[in-house]
Amino acid sequence: MEINLKNKTAWVFGSSGGIGRAVAIELSRAGANILLIARNKNNLKKVLNNLCVSFGQKHDFVSVDMSNTRDLVLALEKYKKTKNVDIVINNSGGPKGGLAHLASPSDYSLAFQQHVLSAQAVAQVAIPLMTKGGFGRIINIISTSVKQPINGLGVSNTVRGAMANWSKTLSSELGQHGITVNNILPGATQTDRLDELVKTKSEQSGRSISEIRKEMETTIPCGRFAEAPEIAYMVVFLCSNYANYVNGINIPIDGGRTKSL
């Protein structure tokens, strides 16, 4: 099976590192043009240099804070004047950890702004272009907490659930236009975000980082954390014509850790 995304353009959010970076690289290897979008300009430049150009692609980057929807929309509107968009990968760093009942209302509103409202703003720029072309992919990198809330991630659990329901609603509205909307639910994946969570647990419990990591890995049937490219491979498949009839679903990639079906 060969996936060919030549002449497709993908907007990849949160692509300065971690899963977003891996997704951008793998999409470029499949032939897509990539627009990298994140806050850290220096990291974006590094990722840009790692993108495949074997198919004559043209890649670019935009340094912008996703929670600032005004600046985000202005940047995308400017970019779309010279490039179409076929694929949108919504991917944003998770809210800080903590118990749900101890989080402030501002913690919730900030997280909702960064995830749901920014995705809505992006969709309103991209969907008209996708509809015109009769093809589109909107893929949201969320979390397995959509299916099974994770202890100690109260705000994240709440906002991720909202994001999943937004996505499901959108999939019903857009399928008729050849646009599919799906969610990827990564489990524990070896990224800077995971390192931060492990460090926090270590500090709170007084146990070593290695002990915390080993304890987390024992909850995963595959016995290890995922590598970021393992998430990216599924994204690339969903972007291809092989997945034309896959719409409105949640796909856990977690080594079997989530207990629900």
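## Close-up views of a predicted model

**View 1. Thr180, a buried residue in a strand.** Thr180 has a relative accessible area of 5%, so it counts as buried. The model shown here and in the views that follow is a predicted one. Thr180 belongs to strand 6, which spans residues 179–186. Which residues is Thr180 in contact with, leaving aside its neighbours within four places in sequence? They are Gly136, Arg137, Ile138, Asn244, Val246 and Asn247.

**View 2. Strand 6 beside strand 7.** Staying with strand 6, we can look at how it pairs with strand 7: the two run in the parallel sense, over 4 bridges. Within this pairing, Ile184 stands opposite Ile251 of strand 7.

**View 3. The largest nonpolar core.** As a reminder for this view, nonpolar side chains in soluble globular proteins tend to be buried together. Here, the largest nonpolar core holds 35 residues. Trp11, Phe13, Ile37, Leu76, Val88 and Ile138 have the most contacts inside it. Two or more residues each come from strand 1 (9–13), strand 2 (33–38), helix 3 (69–80), helix 4 (105–133), helix 5 (154–174) and strand 6. Which element gives the largest share of this core? That is helix 4, with 9 residues.

**View 4. Val88 and its contacts.** Val88 is one of the residues with the most contacts inside the largest core. Leaving aside its neighbours within four places in sequence, Val88 is in contact with Trp11, Phe13, Val122, Ala126, Met130, Arg137, Ile138 and Ile139.

View 5. A disulfide is a covalent bond between the sulfur atoms of two cysteines. How many disulfides does the model have? With sulfur atoms required to lie within 2.5 Å, the count comes to 0. Cys52 is in no disulfide, and the nearest cysteine sulfur to its own, that of Cys239, is 16 Å away. Cys239 is likewise in no disulfide, its nearest cysteine sulfur being that of Cys52. Are these residues buried or exposed? Cys52 has 15% relative accessibility and therefore counts as buried. Cys239, at 1% relative accessibility, counts as buried too.

Methods:
Residues numbered from 1 in each chain as written. Predicted model: local features only at pLDDT ≥ 70, side-chain atom pairs only at ≥ 80, totals over all residues. Heavy atoms only, no water. Buried < 20%, exposed > 50% of the residue type's maximum accessible area, 1.4 Å probe, protein only. Contact = heavy atoms within 4.5 Å. Core = buried A, V, L, I, M, F, W, Y, C linked by side-chain atoms within 4.5 Å. Pairing = 2+ DSSP bridges.
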